[in-house]
Amino acid sequence: MNDSAPDEYDSPWKEAVERYFPEFMAFYFPAAANQIDWRQAYTFLDQELRAVVRDATLGKRFVDKLVQVTLLDGAEQWVYVHIEVQGARQAGFAKRMFTYNYRIFDRYDRPVASLAVLADEHPDWKPDRFGYSLLGSETSIRFPVAKITDYRDQLENLLTQPNPFAMVTAAHILTQQTRGDDDVRFQAKWRLIRLLYERGWDKQRIIDLFQVIDWMMRLPKELERQLWQNIHELEEDGKMRYISSVERIGMERGMEKGMEKGMEKAEQNTLRRQIIRRFKTLPAWAEQRIEQAGQAELEQWLDNIIDAPTLEAVFESDNSMH
């Protein structure tokens with residue numbers, strides 16, 4: 001039996017989407033990706049999505065992203081990406097896609113393209129629409145859906161593709177297939193890591209994708225130690241210092257802390273952008289408060305800025321604004 005921790009998908013999926021969004025779109029939604037001008041910057045609208053989610057009473061959010069992109073015709077448009085990462089069919093999934101779409105449209109008066117990735121293990125479950133009709137009135141939505149199970153019989157092909165999301169998809173499939181068998185999972189994980197080096201990717205991409213694979217494919221401590229020994233020998237033979245250049249103890253003990261710091265930095269940048277957009281200025285005192293704030297404060301201030309009448313009010317407690 002597998003005694004390691006339960007498999008985790010949420011965080012690695014979210015980080016992979018953020019780091020490699022053009023590749024994500026090209027892999028799962030090539031028709032949509034071909035209409036986007038990737039020479040132009042794209043922006044993750046975390047604050048705008050936060051406002052919609054804060055108003056919704058829909059339970060767990062799973063993995064979702066709202067992104068502003070520029071199309072080939074020069075128009076700036078919004079894309080909502082929802083990833084159903086849990087290994088079970090979600091009864092309210094299609095309705096949730098409908099609800100998020102109209103909430104975004106209602107709040108911001110902007111059309112939004114809704115896209116979904118389903119990572120459950122049921123190949124025949126592929127809801128791609130929701131709607132209703134009453135007394136001659138019809139309301140509905142249809143949205144593109146990518147299913148991880150559609151790639152199960154393409155595993156070997158995935159391992160030869162240059163797109164990093166081919167590797168992420170393969171890791172997800174192998175995580176499902178090796179659940180309960182640590183030895184088989186060890187071999188699968190070791191194979192994926194060797195492929196990272198054979199791909200000829202730059203150091204940062206190798207480290208990023210290793211962290212995704214490492215997070216997905218949990219192993220018991222003994223097999224983890226063997227894996228790190230294998231990685232060390234591989235890097236010694238190839239005269240490379242990529243993964244093992246990140247100290248093992250630091251990765252094991254500092255991963256959670258490092259993620260929290262990364263989240264804080266992202267929240268800080270989002271808050272700065274929203275303040276400048278809303279109040280046209282970011283004075284030194286506000287910058288200092290942002291720099292010194294913790295995660296909870298940043299989240300509170302990001303909520304405050306939605307309705308705050310002044311810049312000073314952004315930094316007040318929630319209770320003091322009412």
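Guide: A salt bridge is a side-chain nitrogen of Lys or Arg within 4 Å of a carboxyl oxygen of Asp or Glu. The model is predicted, so local features need pLDDT of at least 70 and side-chain atom pairs count only at pLDDT 80 or more, while totals for chains, interfaces and linings use all residues. Residues are numbered from 1 along each chain as its sequence is written, and side-chain values use heavy atoms, with hydrogens and water left out.

The structure holds 15 salt bridges. One of them joins the side chains of lysine 65 and glutamate 18, at 2.4 Å from N to O. Because lysine 65 lies in strand β2 (residues 63-70) and glutamate 18 in helix α1 (residues 10-19), the pair ties together parts 47 residues apart in sequence. Here helices (H or I, at least four residues) and strands (E, at least two) are DSSP runs, numbered from the N terminus. Glu18 and Lys65 also belong, with Asp46, to a network of salt bridges.

Another salt bridge links arginine 272 to glutamate 287, with the closest N and O atoms 2.8 Å apart. Arginine 272 lies in helix α11 (residues 248-279) and glutamate 287 in helix α12 (residues 284-292), so this pair ties together parts 15 residues apart in sequence. Arginine 272 is buried, at 14%, and glutamate 287 is partly exposed, at 26%.

Finally, the side chains of arginine 129 and aspartate 128 meet in a salt bridge of 3.0 Å, N to O. Arginine 129 is partly exposed at 46%, and aspartate 128 counts as partly exposed at 24%.

Terms used
Buried means under 20% relative accessible area, exposed over 50%, partly exposed in between (1.4 Å probe, protein chains only).
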